[in-house]
Amino acid sequence: QVQLQESGGGLVQAGGSLRLSCAASVVSGDTFNDYLMGWFRQAPGKEREFVCGITPRGSSSAYADFTRGRFTISRDNAKNTGYLQMYSLESEDTAVYYCAVRRVFSTAILREWSSYDNWGQGTQVTVSS
């Protein structure tokens, strides 16, 4: 089991950048690099949607089309921390951003939010136009 804590959200002007962090507290005996990590977001009145994901060892990543090269996911397993770097932010990126993990034994990146069983509380990102 893993506890997750996001940080780094805030208010930014359109065209600006933010870097979100996701700090993981891993139960003793488990290791963060056994976990697939994903970032999701949910805007008011909309369903939670996949933003990007990264494999447990960081060797592969996947992105939703709307990121269009503006977002980069990464992780530092030595620090039990994942990151989402966002550039060229748009008003449509306004949402609560969540990180999520799931212990896996493959390198498939899961895009359905229901596939993840450990979630952070979310961090608000607001982009003003």
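Which residue takes a positive phi in the hairpin of strand 4 and strand 5? Gly45 does, with a phi near 80°. The views below come from a predicted model, in which local features need pLDDT of at least 70, side-chain atom pairs count only at pLDDT 80 or more, and totals for chains, interfaces and linings use all residues. Residues are numbered from 1 along each chain as its sequence is written, and side-chain values use heavy atoms, with hydrogens and water left out.

**View 1. Strand 4 and strand 5 form a hairpin.** Strands are DSSP runs of E with at least two residues, numbered from the N terminus. Strand 4 covers residues 35-42. Its pairing with strand 5 is antiparallel, over five bridges. Two strands pair if DSSP finds at least two bridges between them. Trp39 has Cys52 of strand 5 as its bridge partner. Six residues lie between the strands, and Gly45 belongs to this hairpin.

**View 2. Strand 5 also pairs with strand 6.** Strand 5 spans residues 49-54, and strand 6 spans residues 61-63. Three bridges join them in the antiparallel sense. Gly53 has Ala62 of strand 6 as its bridge partner. This hairpin has six residues between its strands, and here Gly58 takes a positive phi near 80°. Strand 5 is mostly covered, with five of its six residues buried. Buried means under 20% relative accessible area, exposed means over 50%, and partly exposed lies in between (1.4 Å probe, protein chains only).

**View 3. Phe40 and Phe50 form an aromatic pair.** The structure holds five such pairs. Rings of Phe, Tyr and Trp (its six-membered ring) pair if their centres lie within 6.5 Å; planes under 30 degrees apart count as stacked, over 60 as edge-to-face and the rest as tilted. Phe40 and Phe50 are edge-to-face, 5.7 Å centre to centre, with 75° between the planes. Phe40 lies in strand 4 and Phe50 in strand 5, so the pair ties together parts ten residues apart in sequence. Both Phe40 and Phe50 are buried.

**View 4. Phe40 also pairs with Trp119.** The ring centres are 5.2 Å apart and the planes lie at 55°, so this pair is tilted. It links strand 4 to strand 10 (residues 118-119), 79 residues apart. Phe40 has a relative accessible area of 0%, while Trp119, at 24%, counts as partly exposed. Phe40, Phe50, Tyr98, Tyr116 and Trp119 form one aromatic cluster.

**View 5. The charged end of Arg48 sits over the ring of Tyr98.** The distance to the ring centre is 4.0 Å. A charge sits over a ring if NZ of Lys or CZ of Arg is within 6 Å of the ring centre and within 35 degrees of the ring normal. Arg19 lies over the face of Tyr83, at 4.0 Å from the ring centre.

Notes. Helices (H or I, at least four residues) and strands (E, at least two) are DSSP runs, numbered from the N terminus.
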